[in-house]
Amino acid sequence: MRRSVISSVLIGAVIVAATAFAADKPANVARGKQLYMATGCYQCHGTRGEGGGGSGPRLAPGPMPYQGLLIQLRKPRARMPVYTAVVMPDADVADIYAYLQSVPKGKTAAEIPMLKALSAN
Amino acid sequence: MAVIYADRAARTPEGIKLLVELAEVLQAPVGDSSNRMNFPWRHPLNQSRRFRNLLGEADVALALEPGDPFSLFTRVDGRGNTQSSLKPGAKKITISSVELAPKGNYQDLQRFASEVDLAMAADAEATLPMLIEEVKRQLPASRKSAIEARGKTHAEAHRDELEIAKEAAANGWDDSPISMPRMCMELYEQIKGEDWSLVSPSAFQSNWPQALWTADRHYQYIGGQGAAGIGYIAPATLGAALANQKHGRLSVSIVGDGDLMFGPGILWTAAHERIPLLYIVHNNRCYHMEIMQLQVIANRRQRGIDRVRIGCAIDDPNINYAMMAKSMGVYSEGPIENPRDLGPALKRAIAVVKKGEPALVDVVSQGR
């Protein structure tokens with residue numbers, strides 16, 4: 001248990017350090033939102049990162065760790081466009097990540113009667 | 001494990017029953033391409049949402065009438081690299097009437113077909129009774145409990161997939177532009193008590209109807225064009241609505257704004273011929289499939305994507321499809337941007353369709 005807590009803290013510290021290193025300055029949520037739209041992320045992932053079904057998975061709320069996002073952009077798995085540092089510098093990625101982190105949690109299916117009523121049987 | 005992939009497999013209502021029988025005999029998971037109604041959407045063995053993963057675990061993959069074997073058996077990443085969808089040693093079997101016809105590389109979408117271990121040149125639906133009979137004859141009784149256990153695992157996975165889809169649909173529920181699951185569920189809420197027929201393909205809506213709705217009748221989903229044709233949906237679905245008319249079915253079509261721009265005159269035909277059909281315009285204000293493809297290519301070339309909207313975006317000015325429909329004599333609602341307005345607008349439009357007239361609801365929507 002103690003070991004897993006220490007591991008979690010270390011992983012968290014690495015992610016925070018990586019984000020700060022990438023940006024050299026505090027990440028900018030407003031710029032991140034503008035970049036998210038301008039660089040076409042929304043086309044497949046939705047304007048709020050909500051996900052576009054088979055076209056692109058959910059990105060927010062609660063985005064994946066920063067390093068995971070960076071790796072996916074640089075060497076994407078599946079059929080996602082590759083975003084090298086030439087077309088999306090690390091500082092831009094950090095701002096986009098800050099925007100994704102800022103997206104508030106939405107409703108759950110249990111809170112939406114139309115969805116709650118759906119059953120596999 | 002054997003997996004079954006159905007593309008344009010069921011030609012008749014009997015084809016759906018036969019595919020269900022084959023799947024149940026084997027308790028094999030089925031992946032439906034969504035190009036046609038092949039398999040009931042809420043059947044426990046319908047594993048379409050996770051079929052890609054199952055394909056990677058399969059020992060044998062049986063593909064029935066696969067239109068594009070390459071994309072089924074091959075994974076392509078954002079850099080254009082390819083690898084097999086199946087694990088080494090897994091067997092690929094196809095039963096396809098396409099094999100009966102002379103073929104050119106155009107029919108494989110200019111790609112070489114994947115190597116297949118056994119390619120049977122035959123009509124899949126006509127072959128299924130013999131295949132089912134042979135499977136029943138060869139299945140040893142000793143496998144019965146293992147097969148039943150496999151079926152229970154798949155049923156549980158189907159239930160889990162529905163719950164996952166529901167949560168995914170909830171995320172972004174109140175967004176504007178309106179999310180695809182919200183649009184599809186608002187529609188389903190209005191039609192689920194009717195004898196409905198979704199006459200348009202669902203791929204551009206990320207197959208949300210298949211993920212969330214219940215459907216098991218052959219006419220409840222007509223499927224797609226089959227040749228990636230553009231401008232197909234608006235006119236073809238009017239034809240389907242005409243066919244449904246004498247059966248008293250409620251026809252609904254979700255048409256892209258780009259698709260409708262290829263032949264908007266069909267709206268006048270719908271009004272002139274008084275064909276009852278509800279058009280919902282999935283208005284993402286672009287030729288969206290092109291946008292996504294251009295992003296892939298532009299980024300692969302490291303050009304950036306700042307020019308991919310040229311010739312693909314349908315804005316500046318935005319098109320008011322409701323006004324366009326009205327000008328041709330079709331009842332219309334929209335453009336709708338607030339998701340709360342969508343349900344009431346659909347209700348009013350469906351009331352018009354049930355009286356025997358076409359109607360259109362313009363929905364400002366997310367890309368997919």
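Analyst: The C-alpha centres of domain 1 of chain B and domain 2 of chain B lie 29 Å apart, with bounds that come from an automatic or database domain assignment. This is a predicted model, in which local features need pLDDT of at least 70 and side-chain atom pairs count only at pLDDT 80 or more, while totals for chains, interfaces and linings use all residues. Residues are numbered from 1 along each chain as its sequence is written, and chains are lettered from A and ligands numbered from 1 in the order in which they are written.

User: Which residues does the domain assignment of chain B give to each domain?

Analyst: Domain 1 covers 2–160 and domain 2 covers 174–364. Their contact takes 15 residues from domain 1 of chain B and 17 residues from domain 2 of chain B, where two residues are in contact if their C-beta atoms, placed from the backbone, lie within 7 Å.

User: Okay, and what about strand β12 of chain B, buried or exposed?

Analyst: Six of the six residues of strand β12 (residues 359–364) of chain B are buried, so this strand is largely enclosed by the rest of the structure. Buried means that 20 or more other C-beta atoms lie within 10 Å of the residue's own, with C-beta atoms placed from the backbone; strands are DSSP runs (E, at least two residues) and helices are runs of H or I of at least four, numbered from the N terminus. Both faces are covered, with Ala359(B), Val361(B) and Val363(B) on one side and Leu360(B), Asp362(B) and Val364(B) on the other.

User: Which strands pair with β12(B)?

Analyst: Strand β10 (residues 278–283) of chain B runs parallel to β12(B) and is joined to it by six bridges, and strand β11 (residues 331–336) of chain B also pairs with β12(B) in the parallel sense, over four bridges. Pairing requires that DSSP finds at least two bridges between two strands. Val363(B) stands opposite His282(B) and is also the bridge partner of Ile336(B).

User: Switching topic, how many residues does the contact between chain B and chain A take from each?

Analyst: The contact takes 40 residues from chain B and 35 residues from chain A. On the side of chain B that touches chain A, the elements giving two or more residues are α5 (144–170), α6 (180–191), α7 (208–212) and α11 (288–300) of chain B.

User: Which of them gives the most?

Analyst: That is α5(B), which gives eight residues to the side of chain B that touches chain A.

Key
Buried ≥ 20, exposed ≤ 12 C-beta atoms within 10 Å, placed from the backbone.
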